[in-house]
Amino acid sequence: MDAELNLNILIEDTLLSEDLKNIAKKVGDQVRVTFEEAVILYETAELAYLGVLANFIREKRHGKKTFFNRNFHIEPTNLCIYDCKFCSYSRLIKERSQGWEYTMAEMLGMVKNYDGIPVTEVHIVGGVLPQYDLKFYSELFTAIHLHRPELHVKALTPVEYHYIFKKAKMDYSTGMKLMKEAGLDSIPGGGAEIFHPEIREQIAKDKCTGDQWLQIHEEWHKLGMRSNATMLYGHIEKYWHRVDHLDKLRKLQDKTGGFQAFIPLKFRNQDNQMSHIPEVSVIEDLRNYAISRIFLDNFDHIKAYWAMIGRNTAQLSLNFGVDDIDGTLDDTTKIYSMAGAEEQHPAMTTRELVELIKQVGKQPIERNTFYDVVTDYKDFIFVDDVKPKYYKLPVITQSDQVENNPVN
Ligand code: SF4
């Protein structure tokens, strides 16, 4: 296997520091990398080295398989009671004229727009506002399920759950049970930012804490349910804050096994209160994907949002530990574009996603939310590509010639 060969060559490299050589050996032996070693990776490892390690792990787990799904987003509102410094998406309530607040009927209308279209998941996430409370979301999830029972509802983050449960004077455990009964199928990974209070209090001080984020996911996992996790990187945090974040996720995953995918989110500096902070480079993005893959040995999937990092970087990321590039989206999300992402109207057809993945030698797999295979596109031929076996020339009779050629 190429990935294994590359790792062995790396381990033999006499120019490599002892620390990096030991870490490479550990990865080869499938031994867990420590907190301190992850900091060493962030501080000293070059991209090519990290790529070899991350790709070795990726290929062991998934081979060339690369996952995507057919999904759409509903963003109930872009108004928010919170004021996260990095947020380009939300408008404070005092700027109400610049916002949208969809009603239940409007959101159900959005779901109905997909009737007959083979999407498998609706992803619901937005700002926090008082009218979107426990009752509202319970009714919304139930109504979506009544209309389209097979559509997977992936919705809200601990930021919203903490708020609506607190408002309803309900503990997390009772609240999550209620959400499950209402029709919630899984939780996306948002709202995690950086868990460490030293950073969180500077960039997102009023919303749920890192510990509360983890507790809500834990309660959800206890119900036998699945969720994702994110990390907002590349702003004021130090490398060790990232490792602390990854370490907390790894510990919870050891306990519950409920996380499916980890999604690193790049800080973008357009139109927010941290615009003075430069964005990190694509090299740093790839290093971060790779280190996440190396450190999170108990997470099945590392995901990149193509809409956030752009199609070319998404392709590159597939050689740095990423095995999932999210979904078709259908231009239904504004979160990335408002933050200055390359993709201002993110939408790809299934065919475009398949081609994007095949162009870099990977095997496209359309998945559902739980990573069951919907379609393996390895040898798939799209209808448009089917060439007729033979082409039958029209038979022109003498009378046709006379009719069609009046000069004769
Ligand atoms: S990041 Fe989320 S919670 Fe924070 S201001 Fe933006 S929408 Fe509100």
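Mentor: Let us start with Leu296, which is found in the loop between α12 (282–295) and β10 (301–302); the helices (H or I, at least four residues) and strands (E, at least two) are DSSP runs, numbered from the N terminus. Please keep in mind that this is a predicted model, in which local features need pLDDT of at least 70 and side-chain atom pairs count only at pLDDT 80 or more, while totals for chains, interfaces and linings use all residues. Residues are numbered from 1 along each chain as its sequence is written.

Trainee: What makes Leu296 buried?

Mentor: A residue is buried if 20 or more other C-beta atoms lie within 10 Å of its own, exposed if 12 or fewer, and partly exposed in between, with the C-beta atoms placed from the backbone. Leu296 has 24 other C-beta atoms within 10 Å, and therefore it is buried.

Trainee: Which residues is Leu296 in contact with, leaving aside its neighbours within four places in sequence?

Mentor: Two residues are in contact if their C-beta atoms, placed from the backbone, lie within 7 Å, and on that basis Leu296 is in contact with Leu246, Leu249, Arg250 and Phe262. The C-alpha atoms of Leu296 and Lys251, which are 45 residues apart along the chain, are separated by 9.7 Å.

Trainee: What is the largest nonpolar core, and which residues have the most contacts inside it?

Mentor: A nonpolar core is a set of buried Ala, Val, Leu, Ile, Met, Phe, Trp, Tyr and Cys residues joined through C-beta atoms within 7 Å. The largest one here has 103 residues, and those with the most contacts inside it are Leu53, Phe262, Ala290 and Ile294. Domain 1 (2–62) and domain 2 (65–376) both give residues to this core, so it lies between them; the domain bounds come from an automatic or database domain assignment. Leu53, for its part, touches Leu7, Ala24, Val27, Ala290 and Ile294, not counting residues up to four places away in sequence.

Trainee: How do you know on which side of α16 its buried residues lie?

Mentor: In helix α16 (residues 350–358), the buried residues are Thr350, Leu353, Val354, Leu356 and Ile357. They cover an arc of only 160° around the axis, which puts them on the same side of α16, where the arc is that of the directions from the helix axis to the C-beta atoms. These buried residues pack against β1 (65–69), α14 (311–317) and β12 (363–367).

Trainee: Why is Lys378 called partly exposed?

Mentor: Lys378 has 13 C-beta neighbours inside 10 Å, so it counts as partly exposed. Its place is in the loop between β13 (373–376) and α17 (398–404), and its C-alpha atom is separated by 9.1 Å from that of Val354, 24 residues apart along the chain.

Trainee: Which residues are around the ligand, and how do they divide by class?

Mentor: A residue is near a molecule if its C-beta atom, placed from the backbone, lies within 6 Å of it. The residues around the ligand are Cys80, Tyr82, Asp83, Cys84, Cys87, Tyr89, Ser90, Gly127, Val128, Val159, Ala204 and Lys207. By class, this shell has eight nonpolar, two polar and two charged residues, where Ala, Val, Leu, Ile, Met, Phe, Trp, Tyr, Cys and Pro count as nonpolar, Asp, Glu, Lys and Arg as charged, and the others, Gly among them, as polar.
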